[in-house]
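This briefing is for a reader who is new to the structure shown below. Please look over the sequence and the model before reading on.

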Amino acid sequence: MKLLRKILFPIVPIYYLVTWLRNKLYDLGMKLSTSFDAPVICVGNLSVGGTGKTPMIEYLISLLKDDYKVATLSRGYKRETKGFQLAEKTTAMEAIGDEPFQFHNKFGGSIRVAVDGNRTNGIKRLLRLEHAPEVILLDDAFQHRKVKAGFNVMLTTYNHPFFKDIVLPTGNLREPRKGYKRADIIIVTKCPNHLSDVEKATFIKCIRPLKKQHVFFSSIAYSNEVVSKTSKVDLSHFNDFTLVTGIANATPLVDFLNSKHLKFKHLNFKDHHDFSQEDISKLESLKTILTTEKDFMRLQRYKSLEDKLFYLPITIKISESETFNDLVHSFVKSF
């Protein structure tokens with residue numbers, strides 16, 4: 001794959017020009033963006049791959065759900081349905097996709113979860129509901145410029161920041177680096193714990209934020225317990241298992257488990273992997289499986305795995321979280 005990316009380097013200028021021109025047309029008003037008279041918060045990134053959008057959406061849900069009617073809107077990647085879908089009690093993961101189903105499964109009736117490839121239509125449908133949401137969280141919509149979100153949260157990882165990358169297909173950027181200027185908040189995710197003020201200042205200098213922009217740093221906080229459908233087990237008592245991952249970057253999780261001196265093997269699949277019957281048969285032969293919460297959403301439907309399948313919950317910790325929370329609340333209250 002790395003060799004192929006290098007071979008495709010001559011396409012980089014073409015991809016750069018096409019995405020730059022598209023953004024320029026939106027900036028000049030030649031392509032139209034729809035604004036809404038309701039607080040719409042977009043969480044996204046410039047890069048392909050995992051920057052931590054799902055835990056960031058969950059952080060915002062937890063921050064806002066007690067004070068406002070909250071809805072999430074995703075495109076529903078790899079779902080088996082089309083158009084607008086609103087999650088109900090009986091909705092299956094296949095109808096809305098694994099990440100929206102995770103929101104639905106975790107937060108239950110306290111929020112509304114919807115999917116629609118056409119975000120403009122999806123927002124309109126949500127706002128027409130009998131009990132319309134008061135805040136809409138757009139998942140992975142930073143490049144979806146047909147909607148002009150009122151507040152943009154852009155994520156970039158500590159180990160692979162956007163300012164050290166180039167556009168596809170050789171690099172990982174979905175658009176040129178200058179796209180970061182559309183963000184209101186930039187969060188550097190998956191940082192090491194105890195990042196020093198000097199390290200933060202150096203990173204901020206490389207980002208070169210505009211005066212209007214705020215930069216925060218976040219790290220992953222892993223739970224001390226693993227969870228199944230029916231039980232919880234202390235992580236220190238959980239050993240000799242197989243880690244099964246279908247996410248963009250499993251390295252932080254693997255490093256964390258190694259730091260706990262746990263004995264395990266690792267089966268690593270591509271992001272949003274569709275588990276085949278052959279895959280399931282292989283998993284059925286394993287004694288104990290640990291996976292991510294996102295992968296758990298896809299694997300829990302197989303009853304043959306029910307007694308052996310666990311996931312490790314994660315949350316994120318944001319530096320200067322009170323300032324971040326205040327900025328979000330201030331935006332929502334402005335409507």
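The points below cover the domains, an annotated site, a helix residue and a pocket.

The model is predicted. The protein is divided into domain 1 and domain 2.

**Domains**

- Domain 1 is made up of the segments 1-68, 134-220 and 318-333.
- Domain 2 covers residues 224-312.
- Between the C-alpha centres of domain 1 and domain 2 there is a distance of 29 Å.

**The annotated site**

- Val48 sits in the loop that runs between strand 1 (40-45) and helix 3 (53-64).
- Val48 counts as partly exposed because its relative accessibility is 30%, a value between the limits of 20% and 50%.
- Apart from neighbours within four places in sequence, the contacts of Val48 are Leu168, Asn172 and Arg174.
- Gly50 also belongs to the loop between strand 1 and helix 3.
- With a relative accessibility of 29%, Gly50 is likewise classed as partly exposed.
- Gly50 is in contact with Thr157, Lys190 and Ala248, leaving aside neighbours within four places in sequence.

**Met56 in helix 3**

- Met56 is part of helix 3.
- Is Met56 buried or exposed? Met56 is buried, because its relative accessible area is 1% and buried means under 20%.
- When neighbours within four places in sequence are left aside, Met56 is in contact with Val43, Leu155, Ile187, Ile316, Ile318 and Phe324.
- In sequence, Met56 and Tyr16 are 40 residues apart. In space, the distance between Met56 and Tyr16 is 28 Å from C-alpha to C-alpha.

**The second largest pocket**

- The second largest pocket holds about 270 Å³ of space.
- How many residues line the second largest pocket? The lining has 17 residues.
- Those nearest the centre of the second largest pocket are Arg145, Val147, Lys148, Ala149 and Arg182.
- Sorted by class, the lining of the second largest pocket consists of eight nonpolar, four polar and five charged residues.

How values were computed:
Residues numbered from 1 in each chain as written. Predicted model: local features only at pLDDT ≥ 70, side-chain atom pairs only at ≥ 80, totals over all residues. Heavy atoms only, no water. Helix = DSSP H or I, 4+ residues; strand = E, 2+ residues; numbered from the N terminus. Buried < 20%, exposed > 50% of the residue type's maximum accessible area, 1.4 Å probe, protein only. Contact = heavy atoms within 4.5 Å. Domains from an automatic or database assignment. 1 Å grid on protein atoms, 1.4 Å probe; cavity = no way out; pocket = protein on both sides within 12 Å on 5 of 7 lines; lining within 4 Å. Points joined across faces, edges and corners; volume = space filled by probe spheres on them. Nonpolar A, V, L, I, M, F, W, Y, C, P; charged D, E, K, R; others polar.
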